[in-house]
Structures are given as C-alpha cells and as structure tokens.
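The following questions and answers take one structure part by part, and each answer works towards the value or name that was asked for.

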Amino acid sequence: MAKNLLIVESPAKAKTIENILGKEFEVKSCYGHIRDLEKVDMGIDIENNFKPRYIVPDEKQKVVKELKSLAKKAEEVWLATDEDREGEAISWHLCEVLGLDPKTTKRIVFHEITKPAIQSAIKKPRTVDMHLVNAQQARRILDRIVGFELSPVLWRKMSVKNNLSAGRVQSVAVRLIAEREREINAFNAVSTFKVEAEFSAKDLSDKNVSFTAEGKKYSSEQSAQVFLNSCIKADYTVSDIQVKPGKKSPSSPFTTSTLQQEASRKLGYSVSRTMVLAQKLYESGKITYMRTDSVNLSETAMDDIRNQINSRFGNNYYQSRQYKNKNASAQEAHEAIRPTYMENVTVEDADCRKLYDLIWKRTMACQMADAELEKTTAKIQISTNKEELTASGEVLKFDGFLKVYREDRDEEDIADEEAQEGMLPPLSIGQKLPLKQMKAVERFSRPLPRYTEASLVKKLEELGIGRPSTYAPTISTILKRGYVEKRDKEGVKREFRILQLKNDAVTKLADFETTGAEKSKLFPTDLGLVVTDFLKLYFDDIMDYNFTARIEEEFDEVAAGKMKWNSMLDDFYTPFKKDVENTIEKAERASGERELGTEPQTGKKVLARMGRYGPMVQIGEVNDEEKPRFAKLKNTQSIETISFEEAMELFKLPRKLGQFEDQDVVINIGRFGPYIAHDKKFYSLGKEFDPYTVSYDEAVPIIVEKRTAKEERTIKVFEKEKIQLLRGPYGPYIKQGLRNYKIPKDKQDTAADLSIEEVKAMIEEAKANPPKRVPKKKKKG
C-alpha cells in the first residue's frame, strides 16, 4: 500500500501523474465534481445567508466510497485537482466528503503535467484557497438562482410546449446572436462603383506583365460613366513612387479563447471539440493547462523556444518577446497554452495532432523575428482630367515568424477593399503606361456577418462576459436548448453592373455574383428571438451586457478576497426576486405574434407566431366561429421575416398527388415532420424532399420501399390490440403504440408462436420492472 494518496479529476491525468511519481504515491480520480446542489428548493437556504445544501449524487457514491476507504489507509492525502476555481472547489468538496481538514490537507497545483513540474509542486504544497472556492460557489449559486427562478417564469408566460430555461450568461449570448440577426435583416445594401485600371509594363526580364491600379469610388452609375468618358484618349503617366519598409509582428501565445477562435478558423473545430482535444493533450502531459486567460510564458519555456528557433532556423529568426495580458483579471502566475517540451514537434494521437501542431507553431512564432516587407505605392496621373490612380505592391524581404505561422482572421475583421498585394514591375517617374482596360464595377455594402462559435467567444471576451471555463458550455447550452442553431445558408444570385473603357469606347456589361452564403454560422431560432425579447422587457439587468460583465468582475473580487460571496449574492438577489414576482403577476403571455395580412377569400387575419410545437402561421383567431387553420413554418423561415405570400404557400398542404393502388397519395406535415399518407398508413419524408414540391413519381417509390422494409421487419400483428412483434437490430421486440418492450431471450427464437396473452404478460412485467437508467457522468467545466 502506497503511503500517499493523490486525488485528481480524471483517470487519464491520474495515469500520467502516477507514472511520474512512482510507488510512493497511489493516484486516483474523483471523476470531476463529487457533490452538487440539491434539486429541492434550489439546494440553497436563501434566508440563511445563501447557505448551499450539497449532496453526493447516486452515480458518485461508489467513487466516494472507494476514496474514503483509500484515504483512511493512506498516511497523507494530497489534492491535485486543476488550478482554476473549479478545480479548487473540487478539492474543497473532497475535504468535506472525505473528512479532511482543508486548513492542513496538502493541495498542489501545476500548469503542466511533466516530471519537473509535478516534483516541484510536491516540494511546495499549499492548502485549499477558500477565496477561489467561494468565487466558484458564488457563481454556481447565482446561476442556480437565475435558472430556477427564471425558467418557471418562461414556462408560464411562453406559448410553447418546450423545456424552456434561462441562464445568466446563456441569455446574453443569445441576445448577441439575435441582435446581429436583426441588424442583418434590417440592412439595406448600398451600391458604389469602384474604378480599377489594368496597365502593362516590362518586368526585369523584359517581359510585358499586367498590374492593377485603383481609382475613386463613385456613388452612382452616372457619375462613374462621366469619369470613364473623361478618360477616353487619355495618357497615363507615373507621377510619384514611394517605397517604404514595413513589418508584421507575431500574435501572442494562445489563451483559451484565442485557441478556440483559431482552431475554428483554421481547422473548422467547434469550441467544445477544441476543449475536449486540448484537455486530452493536457492530461497526457503534452501541453500546459488549457483553461487560461494569461499570455505569460515561463523563463524555462522561453529558453526552450529560443533553443528550438536557433537550432532550426538560425539566430536571426529569434526575437525575445514578453506579452502583457489585456485582461485585468488574468493571472500572471498562470501561463499561456504551449507545448510542455518544444522538441516534441508532433504527437502520436491522430485526433489531437492538428490541434497540437497549431499550438506548437503559434508558440514558436511568438518568439520569432518580425517579417520585413517593402511596400511600393505608385501614383498614375490621367492627362484628360488630372485625377490619379494608385497601384500598390508588396515584397516580403525577410519572412521571420511567417516561416512557421500566419494567423487567420474573422470575416468581420477583413475590410471589403483588402486584397493580397502582389509585386509591381519596375516603374519610374514620368514613365508612360499603356492602358489595357478600365472598369467601374458595382459593389454592394455588406452587413456584419453572423457569428461563428469562434467570433461569439471573441465578442463575449471583449464584453468581459464569461471566463475561459464558461465559453464552451455556454455555446453548447444555447444550441441544446434550441435557442440557437448552427447551420449553413445558401447564397442567392445577384446581378451587378460593369462599365468598361476599352479601345477608347465605354460599354455597359452585367454579371452575376452569389451573395449571402454562410457556413457553420449561428442563427437565432424563433424561440430564441421571442425568449430574448421577453427577458429584455422584464429582466433588463440580466440581459444587460455591462451588468453581466460587472457580475464577472465581482466573482474576480471574491476570488481575490476583496468581497464576501454572500453579500455579493444578496445585492443581486433582492432586486432580481422583485422582478420575478412582478413578471409573474403582470406580464402577458409572449408568442412573438406578427400580423401578415388577411386571407382574401374569408377576410380572416393571417398571423405568424410561436405555437406549442414551434413557429407557425395561423389563419383566423380563437374567438372566430370556425376553428383557426394552422401551418408549420419551414426550417429556413422565421416569424420575423416571413411574407404574406410565403405564409399562404404553407396552406397548400395537405397535397393530394394522385392515386396509387386505388388509394390517395397525400403529402402533409405533422408534429414529427413531413410524411406521405397512403391507405391509412404513414411514411416519413426524408430531409432531401420538400413536401411542397415532391412529386407523385418521387413519393410512390418511398411508399413501396418503406412498406417492404416494414413487412420484412414484421413477425406478427395483433390488429385488435394494436400490438406488433417486430425484428430489430438486437433481436425481436414488442411494439405497442410508441413504446417498445423486450422479449425474454428464451422466447426470442419462437416469437412468431407467442399468443396475445403471453405478449400482454411480457408488457406488464416490463412495466413493473423498468430498466434502470445509467446516469450520464457530469463533465467538469
């Protein structure tokens, strides 16, 4: 039996550390949090200074029992959970549950799982930092209060049959996405005409090469044409040449948010995938701790990076740099995300390799020399109107850090006129340039793009909302709750005009471009929009960006020991509770209702609104003599933007396509999506078919195929009782309505011979002894 028991959160981390420490230490995992707040009455005694009531969940009882047994036998118990607030709270909960004294129990922290770091931490243990624990506890309690108090308000006041919830950070994140969507919908594109001239000149090898020069932008086709007409028969002379040196500097090493952003842009990873892979790399000892907002690098790391740069590229590529944290709350004692050993250029794990490669390159680049450029700008004068055109070129004189890494940027950070500048041919002042052609091309202004997961994280960080450990769970929550969806958007064709000056004549041309196409963007659902409006109306503090950021700052003050956690909660709770009571009493039910017009045949109102099962269009009102008619919106439609004409198209269902086997073939949409109805049976319609356009020739093969598949699966049918015996991937089973029941193994081979009495007995037995559900393990962070 080892003298020392050391407890960490995950088995992977335990295995790596045990290999480092050897036989003196037994390293065990507690599998994340071992306690959580009770569900009853929020698990918080609000009247008693917000005292939390914690319980050990059923799924953690076995782990706790084992750890208690091992702790009793060990001479010393060490706590080595992660170095952030969440990790500190886990250590404190372990003390509470295992009967350890938090004032004396040894607590160690480290930024990386390497032999030197672990051995150094063992030599310098500390005790549990209760300020960090209280900061985590305050966040957990405040978020529980908001969730438990706000969610029932939504249940009462929203006309939706959905498991609605509201959260402090998630609601603000949805608001950002909703506001961006509304900006895009309200945006009116403005067109301008951009002048570009194409010239030719001799290069160094005396070959004619083409290059482009740009002129002014014109607000109308008429003014652009006047300019081009004035250029007919003009001479073009180089009037000025400026050659200026330039430089580009590398970005700082990765923090949690910048890693999430760059992995999204370069690798297409979701925020949650990036964090799963980063955690895997950390726990296997390959990178430093992955939840950090610090850009600091240790002296040892700086030396390691310097040696790698000098040996691989030479001394002229090295430039020592110290990066400063922009975020005031970032802890300098923490480090940026970097490889633990820079000599490890790659890792064996195929899943983690691309992310590790990104981290390695970014870390190398941050200590490398600037890239040196030479930028040439030539002014070209037009003889007939004294206007000027500008040609620009850029030459890379020394690649510096670009030899290893170039940072990508978000769509919204790239200006419309920005383009990769190539080289210009040698030019001299006074040189006459032959014009090949000049164009004035119509270009349209664009709204800000929709958020990606990465750009949303960037915005949340800019606003001071959330912390490194909260970004991924926040995005996962808003997607899971159905307030936001991540999807692609097809572009639409748009015509643009071109005026061309060639051979001393101006001609008008037209071309087409695809606009509005987006990939993996965050779109608010109608539910998200309606919930956002409701919360903004009645809970303006919760939805206020500055208020949410101020709460985060107060958590930081609790962590620093400058504020008491329960008084912070008290300041928040009193006005919040009043808002809850006021809303329950006075607020009307919200449905996001929008009147689109009236049906010509009946004069009844046509409304778009949220219904029990989602967004829909309604003809008529509840108070009318006739029952209102309803139609579900398509996935690509919204109650905010659907037109009257589009709404009326939805009432073309059910569609009768014709007859097959003397029975009608009808297309309709139900609660579970589009379907084909034929001979009193229903067949679901795949996503590849549009219920409004699917043809008879497409529908019939679906009926035949699905009917054949069902017949092959069917063993026996008890028509009167509406019970079927079917073949499944795991053997025969009973189906009654929407419920499935197992057939005992000893009866599966003779399932076709079962009587209705035997089948009913099996159903009753299954109902009396339902299978136990295995609870999902709660993930940390």
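Q: Which residues does K519 touch, not counting residues up to four places away in sequence?
A: In this predicted model, K519 is placed in strand β18, which spans residues 518–524. With a relative accessible area of 62%, K519 is exposed. Leaving aside residues up to four places away in sequence, K519 touches R487 and D488.

Q: How far apart in space are K519 and I232, C-alpha to C-alpha?
A: Along the sequence, K519 and I232 are separated by 287 residues. In space, the C-alpha to C-alpha distance between K519 and I232 is 44 Å.

Q: Which strands do the buried residues of helix α18 pack against?
A: Helix α18 covers residues 696–713 and reaches 26 Å from its first C-alpha to its last, close to the 26 Å expected at 1.5 Å a residue. Within α18, A699, V700, I702 and I703 are buried; they cover an arc of only 160 degrees around the axis, which puts them on the same side of α18. On the other side of the helix, D697, E705 and E712 are exposed. The strands that the buried residues of α18 pack against are β23, β24, β25 and β26.

Q: Is strand β21 largely enclosed or exposed, and how many of its six residues are buried?
A: Strand β21, residues 614–619, has β20 as an antiparallel partner over six bridges, and β22 as another antiparallel partner through four bridges. Because buried residues make up most of β21, the strand is largely enclosed by the rest of the structure, and the number of its six residues that are buried is five.

Q: Which residue is the bridge partner of V606 in β21?
A: Strand β20, residues 605–611, and β21 pair in the antiparallel sense, and the two form a hairpin with two residues between them. In β21, the bridge partner of V606 is I619.

Q: Which residue in β22 is the bridge partner of Q618?
A: Strand β22 comprises residues 629–632 and runs antiparallel to β21, with four bridges joining the two. In β22, Q618 has as its bridge partner F630.

Q: What is the omega of the peptide bond that joins L653 and P654?
A: Most residues other than glycine have a negative phi, and most peptide bonds are trans. P654 is found in the loop between α17 and β23. The bond joining L653 and P654 is a cis peptide bond, with an omega of about 0 degrees.

Q: What is the phi of D662?
A: D662 lies in the loop between β23 and β24, and at 66% relative accessibility this residue counts as exposed. Its phi is positive although the residue is other than glycine, with a value near 65 degrees.

Q: What is the phi of K722?
A: K722 is located in the loop between β27 and β28, and with a relative accessible area of 67% K722 is exposed. Although K722 is not a glycine, its phi is positive, at about 55 degrees.

Q: Which residue in β8 does W78 stand opposite?
A: Four strands form an open sheet with parallel pairing, in the order β2-β1-β7-β8, and its edge strands are β2 and β8, each of which pairs on one side only. Strand β7, residues 76–79, runs parallel to β8 and is joined to it by two bridges. In β8, W78 stands opposite K106.

How values were computed: Residues numbered from 1 in each chain as written. Predicted model: local features only at pLDDT ≥ 70, side-chain atom pairs only at ≥ 80, totals over all residues. Heavy atoms only, no water. Expected span 1.5 Å × (residues − 1). Buried < 20%, exposed > 50% of the residue type's maximum accessible area, 1.4 Å probe, protein only. Arc of directions from axis to C-beta. Contact = heavy atoms within 4.5 Å. Pairing = 2+ DSSP bridges.
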